[in-house]
Amino acid sequence: MAIKNLIQVKKHLILCNGEPCTLNGANNAIDFLRKSIKKCGLHDEIHTTRTLCNGRCDDGPIVIVYPDGIWYKNVDETVAEDIVKRHLMDEEIVQENVLYIHNNKNINSQSISTTK
Ligand code: FES
C-alpha cells in the first residue's frame, strides 16, 4: 500500500493503459516515464495514475498532465522523455505531441473532433 504526501504533489499524470493504447506500446512508455520521474528526483512532486480508456484510442498512447490540462498523443519512450525533461522539469509544453489543451480557444477543434 502506498501513501503519497499530496501536499508535495505539483502535477498529476493520467497514463492511459486501456487495451488500444497498450497495444500501441503504452506500457513501455509508462514504465519509462515512471523510471525517469524517479531518476530525475521528481517522485515526490509528480503523481502518476494508470487509467483505462480515455476515449482517444486513435491518438494513443495518451498521457494527460494536470493541473495544466494538456493531453499528449502518441506517447512512446521518446515523447515520454520529452514530457519529463521539457514539460515536468522546464515547464515547456511538448507542442509536437499536444492533442488538446483545456480551455485553449486557439486549439484546432478539427484535430479533436469525433470525426476525422
Ligand atoms: S485506450 Fe487509451 S484512449 Fe482508449
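Reader: Hi! I read that accessible areas come from the Shrake-Rupley method with a 1.4 Å probe, and that for residues only the protein chains shown count as cover. What does the accessible surface of the chain come to here?

Author: About 7100 Å², and 50% of that surface belongs to carbon and sulfur atoms. Before we go on, this is a predicted model: local features need pLDDT of at least 70 and side-chain atom pairs count only at pLDDT 80 or more, while totals for chains, interfaces and linings use all residues. Residues are numbered from 1 along each chain as its sequence is written, and side-chain values use heavy atoms, with hydrogens and water left out.

Reader: Thanks! How many helices and strands are in the chain?

Author: The chain has three helices and five strands, in the order β-α-α-β-β-β-α-β along the sequence. Both kinds of element are DSSP runs numbered from the N terminus: helices are H or I with at least four residues, strands are E with at least two.

Reader: And what percentage of the residues is buried?

Author: Of the 116 residues, 37% are buried. Buried means under 20% relative accessible area, exposed means over 50%, and partly exposed is in between, using a 1.4 Å probe and protein chains only.

Reader: Let's switch to pockets. What volume does the largest pocket have?

Author: About 180 Å³. A pocket is found on a 1 Å grid over the protein atoms alone, as an open set of points where a 1.4 Å probe fits, with protein on both sides within 12 Å along at least five of seven lines; lining residues have an atom within 4 Å of a point. Grid points are joined across faces, edges and corners, and the volume is the space filled by probe spheres set on the points.

Reader: Which residues line the largest pocket?

Author: Lys-4, Arg-34, Lys-35, Ile-37, Lys-38, His-43, Ile-46, His-47 and Thr-48. Helix 2 (26-39) and strand 2 each supply at least two of the lining residues, and helix 2 gives the largest share, four residues.

Reader: Thr-48 is on that list. Is Thr-48 buried or exposed?

Author: Thr-48 counts as buried because its relative accessible area is 18%. Thr-48 belongs to strand 2 (residues 46-51), and its side chain has a polar contact of 2.9 Å with the side chain of Arg-34. A polar contact is a pair of N or O atoms within 3.5 Å; within protein, one must be able to donate a hydrogen and the other to accept it, and residues adjacent in sequence count only if both atoms are side-chain atoms.

Reader: Which side chain makes a polar contact with the side chain of Arg-86?

Author: That of Glu-96, at 2.8 Å. Arg-86 lies in helix 3 (residues 77-90) and is buried, at 19% relative accessibility.

Reader: Last topic: which peptide bond is cis, with omega near 10 degrees?

Author: The one from Tyr-66 to Pro-67, and Pro-67 sits in the loop between strand 3 and strand 4 (70-72). A cis peptide bond also joins Gly-60 and Pro-61, with omega about 0 degrees; Pro-61 is in the loop between strand 2 and strand 3 (63-66).

Reader: And where is Glu-91?

Author: In the loop between helix 3 and strand 5 (98-101). Glu-91 has a positive phi, near 60 degrees, in a residue other than glycine, and at 55% relative accessibility Glu-91 is exposed.
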